Amino acid sequence: MIKKRNIRSQKDSRERDTFFMQHALDLALKGRGKVSPNPLVGCVIVDVHGHRIGAGYHKKYGGAHAEVEALQSVETPDALKDATVYVTLEPCSHYGKTPSCADLLASLPIKRVVIAQKDPNPLVNGSGIEKLKAQGVDVSLGVLEKEAEQLNEFFNHAQRFGRPFITLKIAQTVDGFLADANGDSQWITGKAARKKVHEWRSYYDAIMIGRQTAMIDNPKLTVRHVRGRQPMRVVLDGPFSLPRKLYLFSDKYEAKTTIITWNKEASLDYVDPMIKLMKHNYFRGKVIQVAKKKGHIDLKEAISALDSIGVQSILVEAGQQLGSALLREGLVDKVELFMSPKLLGSGTRSIMDLGIFAMRDICVLKEVTWKQIGEDMLLTGYR
């Protein structure tokens, strides 16, 4: 009887941990698109009787961390005695924009901290857990870890690999075309799919296109149809010759546009502040000069340059050439491919020339899911 009671008690404990951690993950999601380059974090505090007494999430970059938000929501400080804190990411152990959350929690009369994922940031990476344990706090790690990892896939990737997480978005017909023979692609997908893309834009630090897409489509690359922040707009313009009348260089978000070029002479006109002052219609965005590789922009150097200015995630809304080049270079981490129930028969293929000549070398996407978005199907897969 005692053994059965213990088994039941352990099961109840696991279910309780899962329930409150899921709540913390749901809270963390509310900060999406607002906290980068910080991670998404949610926190729930439960008293000794199993009642939720506090909850919070990281709302914006530079603001209070989730643990602080949750603690500030606790109405009766005495309720913290022997309480359990559920947090989606290991509490920070260093002083950055805000004080150490690990030190704060360790100073309180809490009994237990349940953590979904260890922080991959080298400044933390287990030291927050050690600080808690050193003060006698019981620490449980790995509750809904997979869900927490996916929640912060941008942050985790940037910390572990030292470069931004790159998603390639493709919109194509069933027979694999993304534009007709004249380059027209409006609209292959339906309204629901296009709205989804605007939602994604608000989550990423930057949206990237090539010069061909800029010339043919003259896209705005703004967040519309949904509420959300406007990300950086990145256009790869090797020769630095795109007309300044394009939306990217003339609308109200001009300052959020970054041009990446290999043209040293042209870029200097916009890097030198004195020359800027002398020009009547100078470009108010940012210009980054990188190396030239086989007649084109060195993509790896371009991505590295974006990483150096704090970009952790990039949504690529490119045409065939840039999308294929990124795939060839091994720079794509995730593919979001919309397949429209339409046939074109000819035009521009979505992907060409990946340098693959045999089935044994074929690129296989992993963790693939399919989802219907309006009349279109969305394939999501990882490299």
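Is Arg 211 buried, partly exposed or exposed? With a relative accessible area of 24%, Arg 211 comes out as partly exposed, since buried means under 20%, exposed over 50%, and partly exposed in between (1.4 Å probe, protein chains only). The model is predicted, so local features need pLDDT of at least 70 and side-chain atom pairs count only at pLDDT 80 or more, while totals for chains, interfaces and linings use all residues. Residues are numbered from 1 along each chain as its sequence is written, and side-chain values use heavy atoms, with hydrogens and water left out.

Arg 211 sits in helix H8 (residues 211–217); helices (H or I, at least four residues) and strands (E, at least two) are DSSP runs, numbered from the N terminus. Setting aside neighbours within four places in sequence, Arg 211 is in contact with Val 235, Leu 236, Asp 237, Gly 238, Pro 239, Ser 241 and Leu 242, contact being heavy atoms within 4.5 Å. With one of these, Asp 237, the Arg 211 side chain makes a side-chain polar contact of 3.0 Å (a pair of N or O atoms within 3.5 Å; within protein, one must be able to donate a hydrogen and the other to accept it, and residues adjacent in sequence count only if both atoms are side-chain atoms).

Then there is helix H13 (residues 320–328), whose buried residues are Leu 322, Gly 323, Ser 324, Ala 325, Leu 326 and Leu 327. Their cover includes strands E6 (165–173), E8 (206–210), E9 (232–236) and E14 (313–316), along with helix H12 (299–308). Just past H13, Gly 330 adopts a positive phi of about 70°.
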